[in-house]
Amino acid sequence: MAFKLADNWEFAESYGYGPLVFKNRIAIAQFIANFRDVDCGINDSGRAVKKGAVPSTMLWIQNDTLYIRLRFGSVCEDTKSNVREYKLGKVKPGQWHTIVFGSKWDKTKRGWFKVWFDRNLRVDDTGIKTFMDIDNRQFQFRVGMYPNWWTWDGEGHPFIQAGHQKVKELYIDSIGVGPTFEDAE
């Protein structure tokens, strides 16, 4: 797939908070499924823990860097032991970027994961788990801007101050799927 940040896209350092703001994540693509039916036990307050939608693979921009991650193992576990996160490279406003990834989805350590960013191989991981320990439910591939920081109460971004960019534009084009690199690119 190809994507481009609008020419006027402001990164976190534009807000005076430095280049690394942890919550400044905007997901742009993900394989995701609903897990509300999965019983994850009881929490410390004695309430049943249920999952919502959980992405198995997610691509996001954090500040000026593109990342991708794989989630595997238990759906109920939210720890570093069941997530592989890869830093792919810097993104530039006004410039088209391409991302291609291939995977052998596998719940055991027989999977592989490859990622090309702007035609450069950035991830080539083999002999790994690439999928969650779940039933055969279907995942959806979703693309679009999902800002992880936006609040449902309408308050907006927790650290963008008045006078700074709260509206962002992302362009997505050429989404391809297929068994070869050329099909996906």
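Residues are numbered from 1 along each chain as its sequence is written, and side-chain values use heavy atoms, with hydrogens and water left out. Because the model is predicted, local features need pLDDT of at least 70 and side-chain atom pairs count only at pLDDT 80 or more, while totals for chains, interfaces and linings use all residues.

**Exercise 1. State the mean pLDDT of the chain and identify a stretch under 50.**

Step 1. pLDDT is the predictor's confidence in each residue, from 0 to 100. Its mean for the chain is 85, and 83% of the residues reach 70 or more.

Step 2. Over residues 14-21, pLDDT stays under 50. For this stretch the model has 19 contacts (heavy atoms within 4.5 Å) beyond four places in sequence.

**Exercise 2. Determine the strand order of the open sheet and its edges.**

Step 1. Strands are DSSP runs of E, at least two residues long, and helices are runs of H or I, at least four, both numbered from the N terminus. Two strands pair if DSSP finds at least two bridges between them.

Step 2. The order of the five strands is β7-β6-β5-β2-β11, with antiparallel pairing. β7 (83-90) and β11 (140-147) each have a single partner strand, so one side of each edge strand lacks a neighbour in the sheet.

Step 3. β2 and β11 are joined by six bridges. Within β11, P147 stands opposite I26.

**Exercise 3. Describe the lining of the largest pocket.**

Step 1. On a 1 Å grid over the protein atoms alone, a pocket is an open set of points with protein on both sides within 12 Å along at least five of seven lines, whereas a cavity is a set where a 1.4 Å probe fits but cannot get out; lining residues have an atom within 4 Å of a point. Points are joined across faces, edges and corners, and a volume is the space filled by probe spheres set on them.

Step 2. The largest pocket holds about 450 Å³. It is lined by 21 residues, of which F101, G102, G176, G178 and A184 are the closest to its centre.

Step 3. β8 (96-104) is among the elements that supply at least two lining residues, and β8 gives the most, with five.

Step 4. The lining comprises 16 nonpolar (Ala, Val, Leu, Ile, Met, Phe, Trp, Tyr, Cys and Pro), five polar (the others, Gly among them) and no charged residues (Asp, Glu, Lys and Arg).
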